[in-house]
Amino acid sequence: MLVLLPDIMASQENANTDNKMKALLVFRNVLGHMSREEASLTALQLVEKLLPLFDDESSQLRELSICLFRDVIQMVVGKDKKQMEENVRRSLLPLFFRMSDQSESVAKASQEALLVAAKLLKWRQLTHLTQTQQTCRIGECLLVQDRSRVEEYLSQSLPYLKDAQVPLREAAVRFIGEPQPLGSLFWLPGPSPSRCTGSKGQPCGCQSPGCPVQGVGSQGLCASLSQPCPRRWAWWLPRSVPPRLGYCPSLGSPC
């Protein structure tokens with residue numbers, strides 16, 4: 001299996017959805033019959049191929065890839081654990097965004113996978129926030145927990161601003177609006193335009209009266225995520241970021 005794995009993976013890059021799903025099911029069945037050492041090495045090779053499938057157009061393929069990811073990251077043993085942790089860190093933000101997926105099964109699978117990932121990394125706060133579904137605070141937790149990945153998180157977030165699903169576009173906008181850790185490349189002083197202060201228990205990004213997130217366009221976020229955006233919706237982006245990023249992700253229209 002280890003010898004054939006690279007060829008099988010390569011053959012699936014341009015395969016249709018059905019073939020990809022069949023291949024993932026084969027991997028899942030085969031992994032269950034391997035020794036722990038063999039499964040650990042195979043899991044390392046497989047996990048990198050699963051990440052792009054999180055954003056596939058097919059909700060069934062998204063769910064299957066996320067569920068398989070959840071299972072394989074628990075199979076590593078010994079020296080493979082450190083390398084797996086690096087792959088897991090790259091999955092955190094996509095899994096967080098997919099918790100807002102319009103498909104309930106994908107959203108649930110993403111939460112379960114993020115919880116397993118948090119436990120594997122031994123991030124207690126992320127584990128707690130994921131268990132209690134405090135999605136408002138998970139984005140900020142990721143930034144604070146691993147400050148060295150701010151630039152990588154930004155790069156990962158940008159494609160979601162054009163996602164076909166409105167909830168994912170909104171999640172990306174809210175995340176980019178999070179206050180950046182002190183000392184990071186993108187840090188600027190001041191309040192976060194997407195941080196809900198908890199007025200009347202309203203969640204982040206709500207459009208209910210009294211929530212400070214509504215109508216904060218003057219601070220840079222698209223007001224209520226439904227109105228034409230101001231000139232600099234991503235208030236913390238450095239001047240080096242091209243002006244073309246200044247559009248309203250909810251509407252797809254330029255500022």
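## A word on angles

One more thing before we start: what you're looking at is a predicted model.

## The chain as a whole

Let's start with the parts list. The chain has 10 helices and 2 strands.

The chain has 255 residues, and 50% of them count as buried.

How about contacts along the sequence? Take the ones between residues at least 6 apart: 58% of these join residues at least 24 apart.

## Two helices side by side

Here's where the cut-off comes in. Helix H7 covers residues 124–131 and helix H8 covers residues 135–145. Their axes lie 9 Å apart, and the two helices pack at an angle of about 165 degrees. That angle is over 145 degrees, so H7 and H8 are roughly antiparallel to each other. The crossing of H7 past H8 is left-handed.

Which residues make the contact? On H7 they are Gln125, Leu126, Leu129 and Thr130, and on H8 they are Arg137, Ile138, Cys141 and Leu142. Sorted by type, the residues of this contact come out as 5 nonpolar, 2 polar and 1 charged.

Definitions and conventions. Residues numbered from 1 in each chain as written. Predicted model: local features only at pLDDT ≥ 70, side-chain atom pairs only at ≥ 80, totals over all residues. Heavy atoms only, no water. Helix = DSSP H or I, 4+ residues; strand = E, 2+ residues; numbered from the N terminus. Buried < 20%, exposed > 50% of the residue type's maximum accessible area, 1.4 Å probe, protein only. Contact = heavy atoms within 4.5 Å. Axes fitted to C-alpha atoms, helices over the stretch in contact; angles between N-to-C directions. Parallel < 35°, antiparallel > 145°, perpendicular 65-115°, else oblique. Left-handed = near helix turned anticlockwise from the far one by under 90°. Nonpolar A, V, L, I, M, F, W, Y, C, P; charged D, E, K, R; others polar.
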